[in-house]
Structure formats: C-alpha cells, structure tokens
Amino acid sequence: MDDVLAAEMRARRLQQLIQGRREYLNLRQEEVAERLDMSARNYGNWERGVVKEWTDEKLFHLAEALEMTESQVARLFLIAVDRLPPADARPASGREHDGDPSMDAFLYDYAVMMEALSLPTFLIDQRWEVRMANRAYRNLFRGLRHHPTAMPTDNFLRFGLLHPDASAILVDFQDWQLSMLAQLATSLERNDQDTELHMLRREVYLRPTLRSTYLDDMQTWVLGAGADLVHHDGKARIIRHPDPLIGLRGCRLVEETPRPLQARGLARITLVLTELGQETSSESLCAGAVSFSV
C-alpha cells in the first residue's frame, strides 16, 4: 500500500512539473506535442502521468521541448526515475553549456558535490533562476503548494516575492522581502536590458502593497543596510524548516563561487542554518539582512 501511495505521489509531482512548465511557457499541449513529433493525445498521456516507464531519451526530449534549465532537468529525472541525469548527457536546452566537454564534466561533478552537502545550497544566474539545487535545498521546500511561476527550485526571487506561501517558510518575511526587492533593483541596474527582470518588476508593480514597498520602504531599507549588498554583513534572518525536528532556524546566505562558474555569470548560495540564539532572537527580526548580486 505504501508503494502504491508513493507511486501516486511521484506521478502527481511529475504532472505538476510538466504541466506547470508548459503553462509557464504559455504553450498548448498540441504545441508541445509538435515539438516532440508525437500526437497531442500521446503527449497528454505523458502529462497526465499515464506513462510508467521513462527512458533517458524520453526525459531529455521532454526537457528540450519544455526549454528546461539544468536544474529543472535534474528535478525531472529525480521525480521520474529517482536519480540525476547521466554524466555524459548535456542538458537539452543548452543554456548552461556551450559545447565544451570539460565544462560539461565540471558542472556534472559540481552537481554531485553539491548533492553531498548537508546544508541547502543552490546555483543561480543573474536573474536568480536556480540552475542547480541539492537535496537539502529541495527538502527545505518540500510540501510547498505548486505555483506555475514562483517555485523556489525555479527562481528564488520570484518565490520570495510572488509565492503566496513564502511567508510560511521565510519567517521574518518583511525583512526577506525588502532584501529581495533590493536585489531585484540592483540586478536591474546591472542588467538593464534583461527582459525577464523587467517582467518581474512589472509583476511587482501589479501588486499595490508590493509596489509601495519597492518604491518607498525598500529605498529606506537600502540606506540603512548600505549600498554594497554583496558584502553587507547583516544579522541572520529566520527560516522555518518543514521537518519539525529542525523547525525554526537562523539563516544566513553565504556566497562561495569557483571561478569557472563566475565566468559564466553564475553564483552559488548556501543557506547556513543555525540554532536560534541571541543574534537571531525576536528583537533582531527587523535588523539588516544579507543579499547578493550576480
């Protein structure tokens, strides 16, 4: 009975991932089916979870049709076949790779290294799109209600700013939100031609409360926290882990990125979780926070 329930949950998660990605791209099932060179009915079976046997070839073709990033390809494999993609296969979208076999191997080995870490850690680009994330990071957000555009495994900024349940995990939510809005403003200054960042700002503007925070409160917060958000040593924020044995923890964001990833415009962020103490008591919830620019 447990195996049947686990299989049903896996099929549901896979359905949410595939359907959510398609809807995020504003594609109809027929359009994805055409990309896969198959009938809309057969693709519909893929999306509904009718397919039980997934091959690497099927998964990579699906990832290419849905324009998945490397982290999304890894998530697809983990849900569908309970393992990472094979080391000798490139993510189909090609957004993380430029055809250099040595870089392909480096990125795969780096993903394996990240997976072995006990602290939540993830790799982002200039938009804070999550390119890689380890199991500890995914576990931090397990059970989170699905959102088509603001899942923490897709984009950390979008999650914190737009997911309706973000405040359940990011406990001192106002501080987290101010920091993320400041990060959005800083990223836009550095990448003023990036359409995805402008789109995110437009979504912020469509929400009156969030727009007011962005235009008014965030500017004041930056004056107090300092302009150098990359190296600002603020107090740790508070985060709620879904595991009741872990529960509330202090959380400090630490950036540690090797040069090959820096050269590709990527940054690795680790969430250092600590026991709540004097530094992260309720009296310090409104203190400064750490934010990073890439």
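**Pockets, a cavity and one proline**

Trainee: Which residues lie nearest the centre of the largest pocket?
Mentor: A pocket is an open set of points on a 1 Å grid over the protein atoms alone, with protein on both sides within 12 Å along at least five of seven lines. Lining residues have an atom within 4 Å of a point. The largest pocket is lined by 21 residues, and those nearest its centre are Arg-13, Arg-75, Ile-79, Arg-142 and Gly-143.

Trainee: What kind of model is this?
Mentor: Residues are numbered from 1 along each chain as its sequence is written, and side-chain values use heavy atoms, without hydrogens or water. Local features need pLDDT of at least 70, side-chain atom pairs count only at pLDDT 80 or more, and totals for chains, interfaces and linings use all residues, for the model is predicted.

Trainee: Which element gives the most to the lining of the largest pocket?
Mentor: Helices are DSSP runs (H or I, at least four residues), numbered from the N terminus, as are strands (E, at least two). α1 (2-24), α5 and α7 (135-140) each supply at least two residues of that lining. With 5 residues, the top contributor is α1.

Trainee: What is the volume of the second largest pocket?
Mentor: A volume is the space filled by probe spheres set on the points, which are joined across faces, edges and corners. For the second largest pocket this comes to about 530 Å³.

Trainee: Which element gives the most to the lining of the largest cavity?
Mentor: A cavity is a set of grid points where a 1.4 Å probe fits but cannot get out. The count is 2 cavities of 30 Å³ or more, and the largest holds about 70 Å³. Its lining includes Ser-71, Val-130 and Thr-153. The most, 4 residues, comes from α5.

Trainee: Why does Pro-260 count as partly exposed?
Mentor: Pro-260 lies in helix α13 (residues 259-262). Buried means under 20% relative accessible area, exposed over 50%, and partly exposed in between (1.4 Å probe, protein chains only). Pro-260 is partly exposed because its relative accessibility is 32%.

Trainee: Which residues does Pro-260 touch beyond four places in sequence?
Mentor: Contact means heavy atoms within 4.5 Å. The C-alpha atoms of Pro-260 and Phe-106 are 8.9 Å apart, across 154 residues of chain. Pro-260 touches Met-103 and Phe-106.

Trainee: How many contacts beyond four places in sequence does the model have for residues 89-98?
Mentor: pLDDT is the predictor's confidence in each residue, from 0 to 100. Over residues 89-98 it stays under 50. Where pLDDT is low, the predicted coordinates should not be read in detail. For residues 89-98, the model's contact count is 31.
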